[in-house]
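Visitor: I am new to this structure. Please take me through one part closely, then show me how other parts compare in their surroundings.

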Amino acid sequence: MTIAKESLFNGREFDRSLSETKDPLPLFRNALRAGREALKKHFYDNSSAPALVTAHAWLIDQLIVRAWKQFQARWPADISVALIAVGGYGRGELHPASDIDLMILFEKNTPAKTKPFLESFVRFFWDMGLEVGHSVRTLKDCVREAKADLTVITNLMESRLLEGDEALFQKMRRLTGASKIWPSRKFFAAKYAEQKARHLRFDDTAYNLEPNIKDGPGGLRDIHTIGWVSQRHFNTASLHDLVGKGFLSEEEYHTLIRERNFLWHIRTGLHYLAERREDRLLFDHQRALAKLFGYVDEPGFLAVEQFMKRYYRTVKELSLLNEILLQHFEEVLLGRRWSRVKSINRRFQARHGFVEVKNARVFERAPFAMLELFLILQQHPELKGVRADTIRLLRAHVNKIDAKFRKDLGCRSLFMEIMRQPRGITHELRRMNAYGVLGAYLPAFGRVVGQMQHDLFHVYTVDEHTLFVVRNLRRFTLPEFQHEFPLASELIQKLVKPERLYLGGLFHDIAKGRGGDHSELGEKEAENFCRLHNLSEYDTRFVCWLVRQHLIMSSTAQREDITDPDVVLQFAQKVGDQEHLDNLYLLTVADMRATSPTVWNTWKGRLLSQLYSATTRLLRRGIAEPIDLDAHIADLRKSALALMQPNPIRAEQINRFWQDLDGDYFLPYDADSLAWQAQIIADAPATELPIVAARYTPELGGSEFLIYSPDRDDLFVTMTAGFDRLNLSIVDARIHTLRNGFALDTFVVLDHSGKPVTEARALASLQKSMHDQLLNPQPGRDRQSLSLSRQLKHFPIETRVSFSTSQKGQLSIMEVTAQDRPGLLYQVALALKHCRINLVAAKVATYGERAEDIFFVNSRAQHSLLDKNQMDCLATEIVQRLGSPAKTATTSAEF
């Protein structure tokens with residue numbers, strides 16, 4: 001839809017009014033306001049983005065030029081000057097809140113004559129409501145600053161004369177042209193390096209939860225880079241000129257413009273919603289834009305997810321076009337004058353370190369070569385990539401990857417060969433995804449390309465996350481990264497068929513976004529793939545099992561008491577044997593690390609390795625053989641005493657202390673922790689009660705607190721209030737009541753950023769604060785004063801409380817799912833106190849915006865399972881404290 005310029009600004013009427021007034025400022029201010037309001041109405045009436053951005057630039061032109069002429073009468077007649085638009089405004093592209101950059105150009109520097117004029121001129125713009133950025137330069141300034149600064153020369157390249165001395169403007173263009181400074185070869189190299197550095201600021205991925213649509217990979221700045229390089233080398237006036245130069249096909253040009261217009265539409269909407277310049281596609285605006293653009297929720301597929309999928313696919317396409325064009329430029333501007341060609345096989349050859357087809361009809365005559373290309377890149381590490389012409393040919397023939405192609409034995413063999421290569425799997429799967437080959441060969445994967453999950457736990461799209469998982473698995477195999485995960489690196493070297501693990505990683509989330517259980521649906525996709533690719537019956541079942549069960553280990557480690565032998569036994573029975581356990585452990589670590597940079601921490605790594613070790617011991621002994629708990633506890637006590645090396649009297653004291661504790665006390669701890677606790681308590685005189693000790697334990701991945709105090713009803717509330725006041729997050733809590741009436745409680749905590757407190761002085765300070773808290777209890781922070789972060793506000797989580805019974809039937813298990821927030825455990829502690837419930841142990845887990853905490857509890861009066869009234873009391877109290885309608889479920893499921 002075009003925009004009639006008269007609807008924005010009536011020049012004749014404005015000029016007539018201007019000639020009749022002595023105070024032009026209100027006239028300019030009203031015209032600017034009216035024009036921008038008209039543009040906003042056009043946007044909400046679905047005008048096209050190109051029409052809006054060019055119309056806005058035209059509107060500003062009209063006002064700036066007329067304002068300039070108003071001040072021209074005061075201008076010294078002997079001074080040549082030009083008023084020039086630069087930057088995006090110079091291109092004639094203005095979004096609602098875009099920068100309006102002006103340059104006032106003089107031939108020579110005459111500040112005494114020009115300063116008063118310039119100050120009043122710029123002040124007039126601000127008074128009328130036009131925020132302009134301006135520079136004042138002479139010709140010499142332009143040349144000097146452009147030579148020194150890539151940004152300055154780029155702005156000058158986009159300059160456009162608004163009013164003034166045209167000869168002066170043209171002289172500036174000549175003096176800063178490629179024949180004088182910044183030759184195209186040097187300019188390209190600098191711009192290419194600038195783009196790479198810019199992409200790194202966004203982790204070199206466009207698939208962030210809140211992407212930057214201007215500066216992020218595949219964003220508008222990538223399109224600008226293409227235009228700048230083209231202009232510098234070819235002196236082109238538009239992107240379409242690249243078609244005539246053979247750098248773009250007509251189809252690619254239309255794709256480029258279509259996707260650019262979509263980003264323009266988003267950016268315009270962002271500016272209007274934010275009422276300021278905003279290039280980040282924040283959660284605050286994603287839902288609003290999805291609604292504005294007409295997306296509606298569908299079963300299993302939210303409107304915002306549909307909108308963001310379109311966005312991610314757009315930037316993926318733009319990234320590829322950017323790669324093709326910049327590689328073309330690199331060959332033309334930086335390549336050697338002579339071509340050294342090395343034959344690879346009948347279909348491919350290497351030129352300048354890049355692989356290319358020998359004949360433009362290769363993919364037409366031998367479609368399997370579309371997979372062979374990636375195998376060649378794996379087998380020839382000296383190759384840097386694919387030549388632009390070959391990428392273009394590949395994209396033109398991707399539609400040949402159909403059902404017949406997928407059933408072809410040669411194609412199936414090539415794909416499995418790619419998955420079995422000792423190197424390059426991650427790089428080539430990423431390249432296959434970028435070129436559209438992976439989604440064409442695996443249609444199920446194609447459906448999740450650009451598929452976001454609208455939460456804070458999954459920060460990447462499904463396809464990006466999946467390829468990160470494969471990358472993490474491959475990283476375990478590399479000696480230079482062995483120090484990161486020694487156990488994983490050791491295990492992966494022993495795998496007989498690592499390709500099964502890679503396939504498990506490739507398929508584990510492939511059914512996301514369909515509704516239903518993605519593990520079950522993904523298992524079916526994996527089975528179809530394995531049978532089509534002639535994997536053995538055992539290997540097929542193995543891959544399918546990995547996909548179906550890929551969440552079980554993380555769930556067990558984080559949500560159940562893995563110090564309970566029955567929990568480990570149940571997990572071991574589901575796993576079955578060591579081979580399945582090894583592969584599942586590797587997949588779980590890789591998956592958790594690929595979900596979000598903040599999801600993985602040492603504490604979670606310890607939980608997984610602890611579960612792995614316990615299950616391994618059980619599998620080696622035999623699942624049917626029960627654990628001798630008494631012997632295990634005796635062994636722990638013996639090992640702890642050996643570490644302390646006490647004299648006989650001290651050993652007797654420690655053993656008497658241990659006699660006051662139930663056998664369950666010993667199971668969650670290793671010998672080192674038992675020795676530390678016993679020694680702290682044994683060494684402390686009675687006058688120092690309560691006892692508080694803290695230490696950093698690298699193996700735990702957190703800071704460990706020990707509290708030994710006479711038991712009382714409000715003790716847990718007091719402790720959690722203290723940790724809350726210190727802004728510490730509790731990730732593990734163990735509550736033990738001795739027969740002598742004392743409580744021995746241990747906590748593993750992290751600071752507000754999710755990291756352990758490691759510095760001795762800081763730990764000592766925290767230890768003293770907790771000791772003071774026990775002597776003089778203070779309430780935790782007021783929940784009303786703890787506002788949620790901007791991001792959390794956009795992902796409200798309904799509070800749910802459910803109950804079940806432990807394996808042995810001795811404890812009730814309360815699971816609380818709620819929106820993560822500061823002081824959450826303190827609020828639960830208040831609820832436990834209110835309902836007179838004992839806490840035995842707690843496991844705290846956070847998944848993005850969602851907290852899923854497990855509490856092992858019993859009745860304070862009878863130390864028995866909770867009855868229905870107690871469950872209802874807890875559920876109601878917790879929901880009132882954490883918010884949202886109560887959802888209480890009671891089940892007999894065993895953990």
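Guide: Start just past the end of helix α10, where Asn235 takes a positive phi of about 60°. The model is a predicted one. Now step back into the helix itself. Helix α10 covers residues 220–234, which makes 15 residues. From first C-alpha to last, α10 reaches 21 Å, close to the 21 Å expected at 1.5 Å a residue.

Is α10 enclosed or open? Of its 15 residues, 12 are buried, so α10 is largely enclosed by the rest of the structure.

Turn now to a strand. All nine residues of β12 (742–750) are buried, so β12 is largely enclosed by the rest of the structure. In a regular strand the side chains alternate between the two faces of the sheet. Phe742, Leu744, Thr746, Val748 and Leu750 point one way from β12. Ala743, Asp745, Phe747 and Val749 point the other way.

Strand β12 has partners. Eight bridges join it to β10 (702–710), and the two run antiparallel. Phe747 of β12 is the bridge partner of Phe705. Eight bridges also join β12 to β11 (729–737), again antiparallel. There, Thr746 is the bridge partner of Arg734. β11 and β12 form a hairpin with four residues between them. In that turn, Gly741 has a positive phi of about 90°.

A separate sheet is open and has four strands, in the order β3-β2-β1-β4, with mixed pairing. β3 (132–138) and β4 (160–164) stand at the edges with a single partner strand each, so one side of each lacks a neighbour in the sheet. On average, neighbouring strands of this sheet are turned by 25° against each other, direction ignored. β1 (81–86) and β2 (100–106) pair in the antiparallel sense over six bridges. Ala82 stands opposite Leu105 in β2. Helix α6 (139–148) packs on this sheet and touches β2 and β3. The direction of α6 makes about 105° with that of β3.

Last, a pair of helices. The axes of α19 (409–420) and α20 (425–434) come within 8 Å and cross at roughly 135°. That angle makes α19 oblique to α20. Phe415, Ile418 and Met419 of α19 make the contact with Ile425, Leu429 and Met432 of α20. Six of the contact residues are nonpolar, with no polar and no charged ones.

How values were computed
Residues numbered from 1 in each chain as written. Predicted model: local features only at pLDDT ≥ 70, side-chain atom pairs only at ≥ 80, totals over all residues. Heavy atoms only, no water. Axes fitted to C-alpha atoms, helices over the stretch in contact; angles between N-to-C directions. Parallel < 35°, antiparallel > 145°, perpendicular 65-115°, else oblique. Contact = heavy atoms within 4.5 Å. Nonpolar A, V, L, I, M, F, W, Y, C, P; charged D, E, K, R; others polar. Buried < 20%, exposed > 50% of the residue type's maximum accessible area, 1.4 Å probe, protein only. Pairing = 2+ DSSP bridges. Expected span 1.5 Å × (residues − 1).
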